[in-house]
Amino acid sequence: MNVSSVDCEVAIVGAGPYGLSAAAHLRNIGVEAHVFGEPMQFWSTGMPEGMLLRSPRPASTIADPHRDFTLEAYETASGTAPVKRVAGKTFVDYGKWFQQQIGTPLDQRSVGEVQREGSRFRLTLSDGLPVTARRVIVAAGIGPFRKNPEVFSELCSCRASHCYDGRPLKGLGKRVAVVGAGQSALECAALLHELGVDVEVIARIPALRWIGMHPRLHNLGPLSNALYSKHDIGPAGISRLVAYPHLMSHLPLKPRDRIRTRAVRSAGAPWLIPRLQNVRVSTGRHVVSATEIGGEVELRLDDGTERRVDHVLLGTGYRVDIAKYEFLSRDLIREVRQLDGYPIVGRGLCASAPGLHFTGAPAARSFGPLLYFVTGTDFASREITSWFRHNRG
Ligand SMILES: Cc1cc2nc3c(=O)[nH]c(=O)nc-3n(C[C@H](O)[C@H](O)[C@H](O)COP(=O)(O)OP(=O)(O)OC[C@H]3O[C@@H](n4cnc5c(N)ncnc54)[C@H](O)[C@@H]3O)c2cc1C
């Protein structure tokens, strides 16, 4: 549904897991929210084809208030056989189905600009149509936050791309260097290898790390429950803390940051180990120069060795910086108190700019790493609705 000249109570920018979940929860308490954006656009265009979700099934459900629209409910409704590891494509279809179930107005146009206009916000849609809203929930994800290390800046996009660009892996060339050691780097390396590409992983860390390499700790009954939460984010103990975002928000910044970075440090899912067995991996190394020479890329590493490849795939992750949300007017950005690019958010995920909320990854500096993942939609949406219940004028 496209809206024409709308004046809405709440505008949600972004129709990914966080935006859709917030919309479902707000509707449940009678708050009329309009969602803007193509449903699951980042997941359908920004993820590598053939990827599997890293998160376990119980942590891969988009939250709705009555748990009517779980991943399992989608599988039942669509006749999709449940599998242990959910495919990215299944998750996209699930998100689109979720959107159809919740009955919230959705406008597929993107938001070109959000600016303050008196006590309201004025949103300009991609076709120039203005919309006004009393409150805006930014649920725009991590797409603009890709980290592109400076050393690759001279390479054209046909020779270097980021894993989140969603470029088809098939067309990258016969020899590809994958830079990074996180899930997206390692999964892309495995997928490229399976396509017959000559791949090398180049990573700074001294050895690749794998998530959940202490299976015994997961099988100790009640003790395991004390060590790990169902979200399965981070190692024993930290996993438990991460499950309490309010507690996280009350920790002093230093330990909160330490827990956050430890919980999401670069690592791959253990099911990638056999898939990477025959892939060359250079750890403890980094690229010091990257030059395009005669249709190839010459990489020089810090140990003085060189590589010639057709393409460099950057699995270098992302860094939150809300200034990269180009749709937020610069005046509005200046109103938001920030910490290294993260908005500081409090109750209701409210930023210091009145009427503005940030959900998903930008809220993770304040409430912890749960908000980097789909499983954080439950906390985030309840937090937002709780605020509306108590503060709606
Ligand atoms: C390769 C990869 C693998 C991942 N695997 C997992 C996993 O297995 N499990 C997990 O929990 N998490 C995973 N994540 C993290 C994942 O990104 C988040 O969990 C999830 O997408 C967060 O949802 P979101 O709604 O905040 O963001 P998104 O899913 O990015 O949705 C935000 C949406 O907003 C839209 N948008 C942005 N700007 C505008 C605008 N101006 N107007 C309209 N719409 C706009 C975007 O197009 C996008 O579709 C993975 C991430 C990557 C990159």
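**Note on cavity, pocket and helix packing**

1. The largest cavity is lined by P48, H162, C163, G166, R167, L169, C188 and L313. This is a predicted model, and the points below should be read as such. The space in this largest cavity comes to about 30 Å³. The structure holds 1 cavity of 30 Å³ or more.

2. What classes of residue make up the lining of the largest cavity? There are 5 nonpolar, 2 polar and 1 charged residues. R167 is one of the lining residues, and Arg counts as charged. C163, C188, L169 and L313 are also among them.

3. The chain is divided into three parts: domain 1 (7-145 + 320-391), domain 2 (150-209 + 266-314) and domain 3 (215-263). The centres of domain 2 and domain 3, taken over C-alpha atoms, are 31 Å apart.

4. Next, the second largest pocket. Its volume is about 270 Å³. The lining has 16 residues. Nearest the centre of this pocket lie M47, P48, E49, G50 and K89.

5. α2 (41-45) and α4 (88-102) each supply at least two residues. The largest share comes from α4, with 4 residues. By class, the lining of this pocket has 8 nonpolar, 4 polar and 4 charged residues.

6. α4 also packs with α1 (residues 17-28). The axes of α1 and α4 come within 10 Å and cross at roughly 25 degrees. Angles under 35 degrees count as roughly parallel, and α1 and α4 are therefore roughly parallel to each other. Their crossing is left-handed.

7. α1 has a further partner, helix α12 (residues 377-391). The axes of α1 and α12 are 9 Å apart, and the packing angle is about 40 degrees. That makes α1 oblique to α12. The crossing of α1 and α12 is right-handed.

8. Which hand does each crossing of α1 have? With α4 the crossing is left-handed; with α12 it is right-handed.

Technical notes. Residues numbered from 1 in each chain as written. Predicted model: local features only at pLDDT ≥ 70, side-chain atom pairs only at ≥ 80, totals over all residues. Heavy atoms only, no water. Domains from an automatic or database assignment. 1 Å grid on protein atoms, 1.4 Å probe; cavity = no way out; pocket = protein on both sides within 12 Å on 5 of 7 lines; lining within 4 Å. Points joined across faces, edges and corners; volume = space filled by probe spheres on them. Axes fitted to C-alpha atoms, helices over the stretch in contact; angles between N-to-C directions. Parallel < 35°, antiparallel > 145°, perpendicular 65-115°, else oblique. Left-handed = near helix turned anticlockwise from the far one by under 90°.
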